[in-house]
Amino acid sequence: MKHVFSAAPRIACMLLVFVLLFVSMTWAATSPTAEVLEYGLYTYDNKVVVVEEQSSGAAKLSNIRHLKTTLDIPILKNNFFSIKYVINTDKPGQVLEIELRVTTPDGKVSTGKLKAVAGNVTITNIEFTETDNPGEYVLEVLHKNQVLFTKNINVIRQ
């Protein structure tokens, strides 16, 4: 005598495999990645702080110049570290909330949030001043607690 329900466990198992495969492919496709295009030491001539409606105070810099590609950044007036990167997803043009996390040599963590457009160049600047301690600063760029990239910046007092 044949059992009528003998194929049911096999079909259920196949359905489960297809569902798990679909979920894993969907999750992998939506995880963003980042590509660093350029980083290093930059300089500028003048800085004007502009307070806009949606900003706590953005600085407008004039005559910005890339001095060299390096992670060794001296504390000098009108110099800063900058990094240019592109965040890629399967949906170009998608607006993503990015978290910037900077850990200082003494372990203090500062965070900030920005909106980045997938596929467009994003620029992050960090200006070190005389009040900052020399040593290694760790810059992390994250999306939903996933680290997209990390750069270790060596700040040097001159």
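Let's start with glutamate 97, which is partly exposed because its relative accessible area is 40%; buried would mean under 20% and exposed over 50%, with partly exposed in between, for a 1.4 Å probe and protein chains only. Please keep in mind that this is a predicted model, in which local features need pLDDT of at least 70 and side-chain atom pairs count only at pLDDT 80 or more, while totals for chains, interfaces and linings use all residues. Residues are numbered from 1 along each chain as its sequence is written, and side-chain values use heavy atoms, with hydrogens and water left out.

Which residue does glutamate 97 form a salt bridge with? Its partner is lysine 113, and their closest N and O atoms are 4.0 Å apart; the criterion is a side-chain nitrogen of Lys or Arg within 4 Å of a carboxyl oxygen of Asp or Glu. Because glutamate 97 belongs to strand E7 (residues 95–103) and lysine 113 to strand E8 (residues 109–117), the pair ties together parts that are 16 residues apart in sequence. Strands here are DSSP runs of E with at least two residues, and helices are runs of H or I with at least four, numbered from the N terminus. Lysine 113 is exposed, since its relative accessible area is 61%.

Threonine 103 has valine 109 of E8 opposite it. The hairpin made by E7 and E8 has five residues between the strands, and glycine 107 takes a positive phi near 90° there.

E7 has another antiparallel partner in E10, to which five bridges join it. In that pairing, glutamate 99 has leucine 142 as its bridge partner in E10. A salt bridge goes with this pairing too: glutamate 140 and arginine 101 bring their closest N and O atoms to 3.5 Å. This pair links distant parts of the chain, with glutamate 140 in strand E10 (residues 135–143) and arginine 101 in strand E7, 39 residues apart. Is glutamate 140 buried or exposed? Glutamate 140 is buried because its relative accessible area is 16%, whereas arginine 101, at 22%, counts as partly exposed. Returning to glutamate 97, salt bridges that share partners join Glu97, Lys113 and Lys115 into one network.

For context, the structure holds seven salt bridges. One of them is between glutamate 38 and lysine 84, with the closest N and O atoms 3.6 Å apart. Glutamate 38 sits in strand E1 and lysine 84 in strand E6, so the pair ties together parts that are 46 residues apart in sequence. Glutamate 38 is partly exposed, with a relative accessible area of 28%, and lysine 84 is also classed as partly exposed because its value is 27%.

Those two strands pair in the antiparallel sense over 10 bridges, with E6 covering residues 79–88. Threonine 33 stands opposite asparagine 88 in E6. E1 and E6 are members of an open, antiparallel sheet of four strands, in the order E4-E1-E6-E9. Strand E4 (65–68) and strand E9 (121–126) are at the edges with a single partner strand each, so one side of each has no neighbour in the sheet.

Stepping back, the protein has one helix and 11 strands. Of its 158 residues, 28% are buried. Among contacts (heavy atoms within 4.5 Å) between residues at least 6 apart in sequence, 64% join residues at least 24 apart. The accessible surface of the protein is about 10,600 Å², and 58% of this belongs to carbon and sulfur atoms; the areas come from the Shrake-Rupley method with a 1.4 Å probe, and for residues only the protein chains shown count as cover.

How values were computed: Two strands pair if DSSP finds at least two bridges between them.
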